[in-house]
Amino acid sequence: MFLRIILRMGSRFSRSLALAKESFGVLRTNPVLMWFPVVSALMTLVLTASFCIPAFFALRGQDLEHVNPAVKYPLMFGFYFISYFVVIFFNAGLVTCAHQSLMGGKPTFSDGIANAVKHLPAILGWTVIASTVGMLLQLVSERSGAIGKIIVSLLGAGWNIVTFFVVPVIAVENGSPVAAVKKSTSMLKSTWGENLIGGVGLGFVIGLLMLLPLIPIIAGIAVLISTNSPVLLIIAGIVSVLYWILLATISASLQGIYRTALYVYATTGQTPSVFNESSIREAFAPKPPSKVIGYFRK
């Protein structure tokens, strides 16, 4: 049993590493793709601050639990809408450029932004749907016990899966939000069928890379304890934060590239030349039986 688990983990790691390498190959030849998560993150910070700071002073430090629901819920929805819109808009730009890259083109950042603006009505419509679902799931989760939170997590995971291709359908095919959800679900079922319950493993490698800065941080803590000098810990902390920011940017870019590659495969039946066919075909691998209730990762 233990050997089987080790072999399964080894297989998953090798597959995830291959996905990361293949996606990074596209990113290396088209570094412009990294600008979308960078600008998205900056815009999210600015818009969140411009929304939350006035809301804070308007509420005068009141606990949200005691705020009038007629004020609280519209504010919450406004925050969700802004956050979702920024992410979806720049994801549409990223998918546009990733799709052009996989088709042999050399897109620019402005190409992605122009296409996202072109599909702004559909993006706004999808933002309304996605932010509404996200807010409702969050509200239900906050009012649920442990079992309820697990159920809500599973529902959220299912929603993330069936809407996996919504942004590519909107950005590439000019689909409406509702039609995009239907097509996304249909594409996933017809292409991966019963294997749909699994998850994309690219995040597995990224998760491991996220742990690397813990080594210098631990070393810095050890030096602090033994010499009472925080210099190494401060340096390690600064370098680690910069490393995590860079890795998060690369990770978001790779996820966008891989999602677009899956979209190309699902719509054409052809694997993009830079990807291995087995990597695409096994993107949604069947989940092994387990006595522990897990959760899906977006």
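Biologist: Why is Ser253 called buried?

Modeller: In this predicted model, the relative accessible area of Ser253 is 0%.

Biologist: Where does Ser253 lie, and which residues is Ser253 in contact with, leaving aside its neighbours within four places in sequence?

Modeller: Ser253 belongs to helix H11, which covers residues 231-268. With those neighbours set aside, its contacts are Leu27, Leu33, Met34, Pro37 and Leu94. A contact requires heavy atoms within 4.5 Å. Take Leu94: along the chain, Leu94 and Ser253 are 159 residues apart, yet 7.6 Å separates their C-alpha atoms.

Biologist: Happy with that one! What makes Glu173 and Lys183 a salt bridge?

Modeller: Their side chains meet with an N to O distance of 2.6 Å. The rule asks for a Lys or Arg side-chain nitrogen within 4 Å of a carboxyl oxygen of Asp or Glu, so the pair of Glu173 and Lys183 qualifies. In general, side chains of opposite charge can pair when their charged atoms come close.

Biologist: Which parts does the pair tie together?

Modeller: Glu173 sits in helix H7 (residues 166-173) and Lys183 in helix H8 (residues 177-192), so the pair links parts that are ten residues apart in sequence.

Biologist: How many salt bridges does the rule give?

Modeller: The count is one salt bridge.

Biologist: Are Glu173 and Lys183 buried, exposed or partly exposed?

Modeller: Glu173 has a relative accessible area of 31%, and Lys183 has 33%.

Biologist: Now to the surface. Why does Leu155 count as exposed?

Modeller: Leu155, in helix H6 (residues 146-162), has 53% relative accessibility. The cut-off is over 50%, so Leu155 counts as exposed.

Biologist: What makes Leu155 part of a nonpolar patch?

Modeller: A patch residue needs over 30% relative accessible area and no salt bridge, and nonpolar side chains are joined within 5 Å. Leu155 has 53%, and Leu155 forms the patch with Ile147, Ile150, Ile151 and Leu154. Together these residues have about 440 Å² of accessible area.

Biologist: Stepping back, how many helices and strands are there in the protein chain?

Modeller: There are twelve helices and zero strands. Buried residues make up 36% of the 298 residues. The chain exposes about 16,800 Å², with carbon and sulfur atoms supplying 70% of that area.

Definitions and conventions. Residues are numbered from 1 along each chain as its sequence is written. This is a predicted model: local features need pLDDT of at least 70, side-chain atom pairs count only at pLDDT 80 or more; totals for chains, interfaces and linings use all residues. Side-chain values use heavy atoms; hydrogens and water are left out. Helices (H or I, at least four residues) and strands (E, at least two) are DSSP runs, numbered from the N terminus. Buried means under 20% relative accessible area, exposed over 50%, partly exposed in between (1.4 Å probe, protein chains only). Accessible areas come from the Shrake-Rupley method with a 1.4 Å probe; for residues, only the protein chains shown count as cover. Patches are made of residues with over 30% relative accessible area and no salt bridge: like charges are joined within 9 Å, nonpolar side chains (Val, Leu, Ile, Met, Phe, Trp, Tyr) within 5 Å.
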